[in-house]
Amino acid sequence: MPVTPSADPRDPDPVAPPPLVVAASLAALEAFGLLVLGVLEVANLRAARLTMGVTTSIFFLAAAGGLAWCAWSLWKARRWARGPVVMVQLIQLGLAWNFRDVWSVLLPVALALAALLVIAGLLHPATTRVLEEDARPA
């Protein structure tokens, strides 16, 4: 059965179309990756670089939490979350470009592909339609 936007304008959670669901799911996976990086950084804290390790851990954990919140909000078709997620994807595209000379081409290709899929899902006409409905007065 195809997923369609909610017909009732009073519905607090319009149904997200498939491109938005894919984008939100990939953003949630990216948030999980940031969470893993934050936990690994905490696990590798050393006295010699304590300040750097703590601040890096806090950064990764805060970024993971923020991206997870945005992914959840996208899943619930909240239009405000699109901007921050697009910004994260543009940063990720820059990281993919910087990693182009690493020992394996898999990392930059995976980063770039995920970022492009999320951006495509967020700019898809069905996504835009649902997010614009959220902005209309009841």
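Visitor: Where does A77 lie?
Guide: A77 sits in the loop between α2 and α3; helices here are DSSP runs of H or I with at least four residues, numbered from the N terminus. This is a predicted model, in which local features need pLDDT of at least 70 and side-chain atom pairs count only at pLDDT 80 or more, while totals for chains, interfaces and linings use all residues. Residues are numbered from 1 along each chain as its sequence is written, and side-chain values use heavy atoms, with hydrogens and water left out.

Visitor: Why is A77 called buried?
Guide: Buried means under 20% relative accessible area, exposed means over 50%, and partly exposed is in between (1.4 Å probe, protein chains only). A77 has 0% relative accessibility, so it counts as buried.

Visitor: What is the phi of A77?
Guide: Its phi is positive, about 60°, although A77 is not a glycine. Most residues other than glycine have a negative phi.

Visitor: How many aromatic pairs are there, by a search of the whole structure?
Guide: The search finds two. Rings of Phe, Tyr and Trp (its six-membered ring) pair if their centres lie within 6.5 Å; planes under 30 degrees apart are stacked, over 60 edge-to-face, and the rest tilted. F59 and F60 are 5.8 Å apart, centre to centre, with 55° between their planes, and form a tilted pair.

Visitor: Which of these two, F59 or F60, is exposed and which is buried?
Guide: F59 is exposed, as its relative accessible area is 55%, whereas F60, at 19%, is buried.

Visitor: Why is the pair of W69 and W80 called tilted?
Guide: The ring centres of W69 and W80 are 4.8 Å apart and the planes meet at 50°, so this pair is tilted. The pair links distant parts of the chain, with W69 in helix α2 and W80 in the loop between α2 and α3, 11 residues apart. W69 counts as exposed at 55% relative accessibility, and W80 as partly exposed at 40%.

Visitor: What makes a pocket, and what is the volume of the largest pocket?
Guide: On a 1 Å grid over the protein atoms alone, a pocket is an open set of points where a 1.4 Å probe fits, with protein on both sides within 12 Å along at least five of seven lines; lining residues have an atom within 4 Å of a point. The largest pocket has a volume of about 550 Å³, meaning the space filled by probe spheres set on the points. Of its 20 lining residues, the closest to the centre are E30, L34, V88, Q92 and L95. The largest share of the lining, six residues, comes from α1.

Terms used:
Helix = DSSP H or I, 4+ residues; strand = E, 2+ residues; numbered from the N terminus.
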